[in-house]
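Trainee: I would like to learn how to read a few features of a model. Please take them one at a time.

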Amino acid sequence: MGADLEEVPNLPTHAGPVPDRMTIWPMDDGRYGLDATFQGASGYERAERHKASLETGGVSHSFRQELGGAWTLRFGPLSAAEISAALMAFVQ
C-alpha cells in the first residue's frame with residue numbers, strides 16, 4: 001500500500017492561495033506530474049507565495065511564465081501519496 005501522508009517528506013501541509021487551474025497527468029512509470037497555474041493581475045503574487053514555501057521546504061519544482069500572463073508551478077514525478085499531499089497544499 002502507498003505511503004501515509006505523514007510519511008511524504010518536504011511537501012507543504014498548509015494551504016496557500018488557490019490556483020486558477022490544476023492539471024495532473026500520469027507518467028509512464030506509474031507516477032504523476034502536477035501543474036498549478038495562477039492567472040490574472042494577482043497570479044504572480046499568489047504563485048510566488050507557494051514558490052517561497054516550496055523553496056523553504058526543499059521541494060523540487062519549476063516555476064515558469066506562460067502565455068497570457070499566467071504563472072505555473074510544475075511538480076513531478078510524484079507518487080500518488082505525494083500528489084495527494086500537494087493537492088491539499090493548494091485546496092485546503
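Trainee: How many aromatic pairs does a search of the whole structure find?

Mentor: First, the ground rules. This is a predicted model, in which local features need pLDDT of at least 70 and side-chain atom pairs count only at pLDDT 80 or more, while totals for chains, interfaces and linings use all residues. Residues are numbered from 1 along each chain as its sequence is written, and side-chain values use heavy atoms, with hydrogens and water left out. A pair of aromatic rings is described by the distance of the centres and the angle of the planes. Rings of Phe, Tyr and Trp (its six-membered ring) pair if their centres lie within 6.5 Å; planes under 30 degrees apart are stacked, over 60 edge-to-face, and the rest tilted. The search finds three aromatic pairs. In one of them, the ring centres of tyrosine 44 and phenylalanine 63 are 6.0 Å apart and the planes are at 45°, so this pair is tilted.

Trainee: Which parts does that pair tie together?

Mentor: Helices (H or I, at least four residues) and strands (E, at least two) are DSSP runs, numbered from the N terminus. Tyrosine 44 is in helix H1 (residues 43-57) and phenylalanine 63 in strand E3 (residues 62-65), so the pair ties together parts 19 residues apart in sequence. Tyrosine 44 also forms an edge-to-face pair with tryptophan 71, at 4.7 Å centre to centre and 70° between the planes. That pair links H1 to tryptophan 71 in strand E4 (residues 71-78), 27 residues apart.

Trainee: Is tryptophan 71 buried or exposed?

Mentor: Buried means under 20% relative accessible area, exposed over 50%, and partly exposed in between (1.4 Å probe, protein chains only). Tryptophan 71 has 18%, so it is buried. Tyrosine 44, at 36%, is partly exposed, and so is phenylalanine 63, at 23%.

Trainee: Which residues touch the most other members of the largest nonpolar core?

Mentor: In soluble globular proteins, nonpolar side chains tend to be buried together. A nonpolar core is a set of buried Ala, Val, Leu, Ile, Met, Phe, Trp, Tyr and Cys residues joined through side-chain atoms within 4.5 Å. The largest one here has 13 residues, and those touching the most other members are Leu34, Phe38, Leu54, Leu73, Phe75, Leu78 and Phe90. Strand E2 (32-38), H1, E4 and H2 each give two or more residues to this core. E4 gives the most, with four residues.

Trainee: What do the buried residues of H2 pack against?

Mentor: Contact means heavy atoms within 4.5 Å. The buried residues of H2 are Ala81, Ile83, Ala85, Ala86, Ala89 and Phe90. They pack against strand E1 (21-26), E2, H1 and E4. Alanine 81, in helix H2 (residues 80-91), has 13% relative accessibility and so counts as buried.

Trainee: How do E1 and E2 run?

Mentor: Two strands pair if DSSP finds at least two bridges between them. E1 and E2 run antiparallel, joined by six bridges. They form a hairpin with five residues between them, and glycine 30 in the turn has a positive phi of about 90°.

Trainee: Which side chain does threonine 72 meet in a polar contact?

Mentor: A polar contact is a pair of N or O atoms within 3.5 Å; within protein, one must be able to donate a hydrogen and the other to accept it, and residues adjacent in sequence count only if both atoms are side-chain atoms. The side chain of threonine 72 meets that of threonine 37 at 2.9 Å. Threonine 72 lies in strand E4 and, at 1% relative accessibility, counts as buried.
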